[in-house]
Amino acid sequence: SIGCQYGPDMNASTTQEATSYRLSIPLEGDIINQLSNALHVMSEWAFKMRISVDDVETERNVIEQEWRSKQGPAERVRYNYWNKMFPQSSNSNEDGLSSQLYSKRFPIGTIESIRTCTSDVIRDFYRRWYCPERMAIIIVGDFDNAEGEIKGIIQQKFNIELPSKEDIPNCLPRSITDLPLPSHDYDPICV
């Protein structure tokens, strides 16, 4: 144990473009060992997540409840806002995708995707997109000139071999699709 509790010390959030994990640890005693343990937890989240059928089924109801709790007036305003900011347009990238996806694909998903998504789909997504070249680690604290030692711990914990393209069914290339942002010829006002 590193003295953390779910909620106040460990949490995660997801936006259309990023997933962030936050882990706050007490830096008392052997600070480097505490930090090493915390980075071990972060590397487990980043690369060794167990995504079993049972895990997905257990979380499905939790996520559906979260989705339902957000279906009030504020969500309708947010949906309207995103649709105004990212309207359907002919401006798309080489894959035929437009920035309208921002207004159509909220991170939590649709009720249909929440109810039907399988552990295989989640696992494939996780393996495809959770890789070091897409990650940043930010460490904040009073470490008394231990920068070199901290860098060594990060390299040790996050220097792992990624699954190959052949290991992931229907794997897309590991490139991020740039979506063209709309140019508004009007003032998008949401009321």
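Predicted model: local features only at pLDDT ≥ 70, side-chain atom pairs only at ≥ 80, totals over all residues.

Student: What share of the residues is buried?

Tutor: Buried means under 20% relative accessible area. Here 25% of the 191 residues fall in that class.

Student: And which elements make up the secondary structure, from the N terminus on?

Tutor: Count the elements, then read their order. The protein has seven helices and two strands, and the order is β-β-α-α-α-α-α-α-α.

Student: How do I read contacts along the sequence?

Tutor: Look at how far apart the partners sit in the chain. Among contacts with a separation of 6 or more, 72% join residues 24 or more positions apart.

Student: On to the rings. How many aromatic pairs does a search of the whole structure find?

Tutor: The search gives five aromatic pairs. One of them is Y21 with W45.

Student: Why does the pair of Y21 and W45 count as tilted?

Tutor: Planes under 30 degrees apart count as stacked and over 60 as edge-to-face, with tilted for the rest. The planes of Y21 and W45 stand at 35°, so this pair is tilted, with ring centres 5.4 Å apart. The two residues are 24 apart and link distant parts of the chain: Y21 belongs to strand β2 (residues 19-23), W45 to helix α1 (residues 31-47).

Student: Are those two buried or exposed?

Tutor: Take each by its relative accessibility. Y21 has 30% and is partly exposed, whereas W45 has 16% and counts as buried.

Student: What about Y79 and F106?

Tutor: Y79 and F106 form a tilted pair too, with 6.4 Å centre to centre and 55° between the planes. Y79 sits in helix α3 (residues 73-85) and F106 in the loop between α4 (101-104) and α5 (111-116), so the pair ties together parts 27 residues apart in sequence.

Student: Which residues do ring pairs link into a cluster?

Tutor: Follow the pairs from ring to ring. They link Y79, Y81, W82 and F106 into a cluster.

Student: And which residue lies over the face of F106?

Tutor: For a charge over a ring, check the distance to the ring centre. R78 lies over the face of F106, 4.4 Å from the ring centre.

Methods: Residues numbered from 1 in each chain as written. Heavy atoms only, no water. Helix = DSSP H or I, 4+ residues; strand = E, 2+ residues; numbered from the N terminus. Buried < 20%, exposed > 50% of the residue type's maximum accessible area, 1.4 Å probe, protein only. Contact = heavy atoms within 4.5 Å. Phe/Tyr/Trp six-rings, centres within 6.5 Å; stacked < 30°, edge-to-face > 60°. Lys NZ or Arg CZ within 6 Å of the ring centre and 35° of its normal.
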